[in-house]
Amino acid sequence: MTKTVAVPKIISTHSFRGGTGKSNTTANLAVLVARAGWRVGIIDTDIQSPGIHVLFRLQESEFRHSLNDYLWGKCRIEQAAIDVTMRAIGDVHEDSERPRLFLIPSSLKTGEIARVLREGYDVGLLNDGLHDLLKRLQLDFLFIDTHPGVNEETLLSIAVSDLLVLIVRPDQQDFQGTAVAVELARKLKVPEMFIVINKVPQGMDADALRAQVGKMFETEVAAVLPLSTEMVRTASGDIFCNRYPDHPLATALQTVADRIARL
Amino acid sequence: MGDGGVLEPPREVVLQLLDPTYHRPVKTWRFTGATTITVGREAGCDVEISDPYVSRLHAELVWRGEEWILISKGRNGVLVGSQPVVEAPLADETQFRLGSLGPALRFCTGEEEGEHLNTICFETETVPVCFVDESKLRDDVGQITEGEYFQKLQQQAETLRLRSRT
């Protein structure tokens, strides 16, 4: 396959609070975009509480390097990338350029997590790393799974993004923080931004919720994703869209992925 | 069913999934002329409830000629009130639970339920009341945007994005 996007795109997924399903959503969107025939990377910048590797059933022993190693000058950023194409997409020839999916994990070592919390890191170096990844892995799309809340690293992720995807639950605790993120993204002139409402329980009026949230944030709501028992049962042990491709949640995620692939 | 005592089932039977806190209906299924209604997690059940406490086929409601009978089919049982039941007659407005930790349903027959339903306004319950405290929003955004880091980032944002295009 020889298709390439004119310019690579960076997509940040962000939520103000934890537990919104951000990593699950990011992983599924990245898999679906890759399945459409693209070279896709996912970088776990949630250094304080990494987790997205679990969805790809990656063990720590499979990490040659991590994002932490790059930030501390121990490796080049692309050396931390793990090719997860086979386990996430399946039957792809190992020499095929596309589709291809890479994951750049954060370290799971508690000592290294503690070091980040204690010493911090050079956020500018992270920025260099993002751009190096695009070039050296020849990515069409790079997804950034950010740490919840607002700190220097999430602000940088938002600033460099072509698209910001805000994940919000139908919960008052999420709304105030999301409003802050929306305002910051506007001030940083992020080219595109939309909201995904996740974990919407059975019985809640999805159309009314979409209208209310869209109006409140003056931002498009790209999808309303149902709270799914099947997703809970998957327990982050698999990519949901691979396991339940016809599930309403998978269908809704596909519409978001299609939208991203058209960026 | 040639028995002279056998009655036609009620024209309409309604099952309502109830909110666990307020016991208000959050989903309604209506059946006209049915004599058996299956309840369970499995696709294909007449009342399909996606819930980890619900068995694939958890219960059946069967019209036995003069009354509806609730029959437990699942491993977690069925409770009417606080009593587990294997089979129990269902009177209008009976509430039952699928397992001791599972969801509750209300059974209704006849015209009375229509009036009952009309008295419940759950339009406003189906969407959370959400709002943003504008004053707090201004303060929070102000604190961040006045910082040196943000201002530097704001100046460089476009350059940073363009960098990925080269």
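Which elements of chain A and of chain B do the buried residues of α7(A) pack against? The legends below describe close-up views of a predicted model, beginning with the view that settles this point.

**Figure 1. Helix α7(A) and its surroundings.** The buried residues of α7(A) pack against β1 (9–14), α6, β5 (141–145), β6 (163–168) and α8 of chain A, and they also pack against α3 (148–163) of chain B. The helix is mostly covered, since eight of its nine residues count as buried. These buried residues are E153(A), T154(A), L155(A), L156(A), S157(A), I158(A), A159(A) and V160(A).

**Figure 2. The contact between chain A and chain B.** On one side of this contact stand 35 residues of chain A, and on the other 28 residues of chain B. Five helices of chain A, namely α6 (123–136), α7 (152–160), α8 (172–187), α9 (206–217) and α10 (229–234), each supply at least two residues of the side that touches chain B. Of that side of chain A, the largest share, eight residues, comes from α8(A). Sorted by class, the residues of chain A that touch chain B comprise 20 nonpolar, eight polar and seven charged residues.

**Figure 3. The packing of helices α1(A) and α12(A).** Helix α1 (residues 22–35) of chain A packs against helix α12 (residues 248–261) of chain A at an angle of about 60 degrees, with the two axes 9 Å apart. Because of this angle, α1(A) is oblique to α12(A). The crossing of α1(A) and α12(A) is right-handed. From α1(A), the residues N28(A), L29(A), L32(A) and V33(A) take part, and they meet L253(A), Q254(A), V256(A), A257(A), I260(A) and A261(A) of α12(A). This contact of α1(A) with α12(A) has eight nonpolar and two polar residues but no charged ones.

**Figure 4. Nonpolar cores.** In soluble globular proteins, nonpolar side chains tend to be buried together. The largest nonpolar core of the model holds 87 residues, and within this core A30(A), V33(A) and L142(A) touch the most other members. When residues up to four places away in sequence are not counted, A30(A) touches V40(A), I42(A), L101(A) and F143(A). Another core, of 19 residues, lies apart from the largest one, and its members include V13(B), I49(B), A59(B) and L61(B).

Figure 5. The peptide bond that joins R98(A) and P99(A) is cis, with an omega of about -5 degrees. P99(A) itself is found in the loop between α4 (85–88) and β4 (100–104) of chain A. K199(A) is not a glycine, yet its phi is positive, near 60 degrees, and this residue is found in strand β7 (residues 192–200) of chain A. With 19 other C-beta atoms within 10 Å, K199(A) is partly exposed. E93(B), which is likewise not a glycine, has a positive phi of about 75 degrees and is found in the loop between β9 (87–90) and β10 (94–98) of chain B. Because 12 other C-beta atoms lie within 10 Å of E93(B), this residue counts as exposed.

Figure 6. Of the 166 residues of chain B, 23% count as buried. Among the contacts in chain B between residues at least 6 apart in sequence, 34% join residues at least 24 apart. A34(B) is found in the loop between β2 (25–32) and β3 (36–40) of chain B, where it counts as partly exposed, with 16 C-beta neighbours inside 10 Å. Although A34(B) and V62(B) are 28 residues apart in sequence, their C-alpha atoms are 8.8 Å apart in space. Leaving aside neighbours within four places in sequence, A34(B) is in contact with P9(B) and V13(B).

**Figure 7. The loop that holds R64(A).** R64(A) is found in the loop between α2 (52–55) and α3 (67–71) of chain A. With 11 C-beta neighbours inside 10 Å, R64(A) counts as exposed. R64(A) and I82(A) are 18 residues apart in sequence, and from C-alpha to C-alpha they are 8.3 Å apart in space.

Note on methods
Residues are numbered from 1 along each chain as its sequence is written. Chains are lettered from A and ligands numbered from 1 in the order in which they are written. This is a predicted model: local features need pLDDT of at least 70, side-chain atom pairs count only at pLDDT 80 or more; totals for chains, interfaces and linings use all residues. Two residues are in contact if their C-beta atoms, placed from the backbone, lie within 7 Å. Helices (H or I, at least four residues) and strands (E, at least two) are DSSP runs, numbered from the N terminus. Ala, Val, Leu, Ile, Met, Phe, Trp, Tyr, Cys and Pro count as nonpolar, Asp, Glu, Lys and Arg as charged, and the others, Gly among them, as polar. A residue is buried if 20 or more other C-beta atoms lie within 10 Å of its own, exposed if 12 or fewer, and partly exposed in between; C-beta atoms are placed from the backbone. Axes are lines fitted to C-alpha atoms, for helices over the stretch in contact, and angles run from 0 to 180 degrees between N-to-C directions. Angles under 35 degrees count as roughly parallel, over 145 as roughly antiparallel, 65 to 115 as roughly perpendicular and the rest as oblique. A crossing is left-handed if the near helix is turned anticlockwise from the far one by less than a right angle, and right-handed if clockwise. A nonpolar core is a set of buried Ala, Val, Leu, Ile, Met, Phe, Trp, Tyr and Cys residues joined through C-beta atoms within 7 Å.
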